[in-house]
Amino acid sequence: MVVLFEGIDTCGKSTQLELLKQKHPEIITTKEPGGTAFGIKAREILLESSIISKRAELLLFLADRAEHYEEVVQPNQDKLIISDRGFISGIGYALANGDFELDDLIMLNKFALQGNLPDKVILFLTDIQTLQERLGGKDLDGIEQRGLEYLLSVQEHMRQTVLTLGIPHLFIDACDSIENIHQTILTYLKV
Ligand SMILES: Nc1ncnc2c1ncn2[C@@H]1O[C@H](COP(=O)(O)OP(=O)(O)O)[C@@H](O)[C@H]1O
Ligand SMILES: Cc1cn([C@H]2C[C@H](O)[C@@H](COP(=O)(O)OP(=O)(O)O)O2)c(=O)[nH]c1=O
């Protein structure tokens, strides 16, 4: 089973994935961008914000996704695989960047994933105050520097995309405590 942890920067995905991995070391944990050797190089380019063309940026995220699918997801289909981000980020950030149609983005992402969408999405939803507090506590990469309004519009596009595609999902209140969220995820995943 393939599960995506999705949500905008600082909503708590990595914290929860780490807790889950501690309790269940048998879970295959991975991430996009950067879950493969190629992805590590792609991630460096993507986060240093040296790409001017939004299409070039999108295609590099998609290249990372295609490689990640073949190298990490496909060989482990029989196990529980949880990825810190995936194609919901791919669509959410691209829609917030403008100039892209949802139908085109769905088609491109299905192409990268050889038609195999994840089984479940756990989407963390935050609010402006929490986002501001948590972003204030870290060095911002090129994408995070695009600002609060940009990130909240990404979040809304992610939410709509999950609903439009009808993927089984859990919406998490990212402002809840770390322990409460952990328990909610354990219950949802039945692990
Ligand atoms: N539920 C929570 N309540 C308070 N702080 C949290 C919570 N979840 C995560 N944090 C803190 O917020 C910051 C960002 O969390 P992180 O898990 O790295 O987010 P993401 O992986 O989504 O970018 C970290 O400093 C983390 O300790
Ligand atoms: C997977 C993906 C990520 N992104 C963005 C989201 C993040 O800002 C960045 C990845 O950074 P990352 O450090 O993984 O995210 P986080 O701050 O949540 O730990 O790339 C896209 O724009 N498109 C995509 O397809």
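## Polar contacts of ligand 1

In this predicted model, a polar backbone atom of D176 lies 2.9 Å from a nitrogen atom of ligand 1. Two further contacts involve oxygen atoms of the ligand. A backbone N or O atom of T10 is 2.9 Å from an oxygen atom of ligand 1, and an N or O atom in the side chain of T15 is 2.5 Å from an oxygen atom of ligand 1. On its own, ligand 1 exposes 570 Å², of which the protein buries 64%.

## The shell around ligand 1

## Polar contacts of ligand 2

For ligand 2, the polar contacts described here pair side-chain atoms of the protein with oxygen atoms of the ligand. A polar side-chain atom of R85 lies 2.7 Å from an oxygen atom of ligand 2, and a polar side-chain atom of R43 lies 2.8 Å from an oxygen atom of ligand 2. For E144, the corresponding distance from a polar side-chain atom to an oxygen atom of ligand 2 is 3.1 Å. Of the 550 Å² of accessible area that ligand 2 has on its own, the protein covers 92%.

## The shell around ligand 2

The shell around ligand 2 consists of 15 residues, the closest being D9, K13, R43, R65 and R85. Sorted by class, the shell around ligand 2 holds 5 nonpolar, 2 polar and 8 charged residues.

At least two residues of this shell come from each of α2 (37-47), α3 (54-73) and α4 (87-97). The element that gives the most to the shell around ligand 2 is α4, with 3 residues. The space taken by ligand 2 is likewise the largest pocket.

## Annotated domain

An unreviewed UniProt entry carries the annotation "domain: Thymidylate kinase-like" for residues 5-185. Over residues 5-185, the chain is 55% helix and 12% strand. The end C-alpha atoms of this stretch are 10 Å apart.

Key. Residues are numbered from 1 along each chain as its sequence is written. Chains are lettered from A and ligands numbered from 1 in the order in which they are written. This is a predicted model: local features need pLDDT of at least 70, side-chain atom pairs count only at pLDDT 80 or more; totals for chains, interfaces and linings use all residues. Side-chain values use heavy atoms; hydrogens and water are left out. A polar contact is a pair of N or O atoms within 3.5 Å; within protein, one must be able to donate a hydrogen and the other to accept it, and residues adjacent in sequence count only if both atoms are side-chain atoms. Accessible areas come from the Shrake-Rupley method with a 1.4 Å probe; for residues, only the protein chains shown count as cover. UniProt positions are given in the numbering used here, feature names are shortened, and annotations may be inferred rather than shown by experiment. Helices (H or I, at least four residues) and strands (E, at least two) are DSSP runs, numbered from the N terminus. A residue is near a molecule or strand if one of its heavy atoms lies within 4 Å of it. On a 1 Å grid over the protein atoms alone, a cavity is a set of points where a 1.4 Å probe fits but cannot get out, and a pocket is an open set with protein on both sides within 12 Å along at least five of seven lines; lining residues have an atom within 4 Å of a point. A molecule sits in a cavity or pocket if more than half of its atoms lie within 2 Å of its grid points. Ala, Val, Leu, Ile, Met, Phe, Trp, Tyr, Cys and Pro count as nonpolar, Asp, Glu, Lys and Arg as charged, and the others, Gly among them, as polar.
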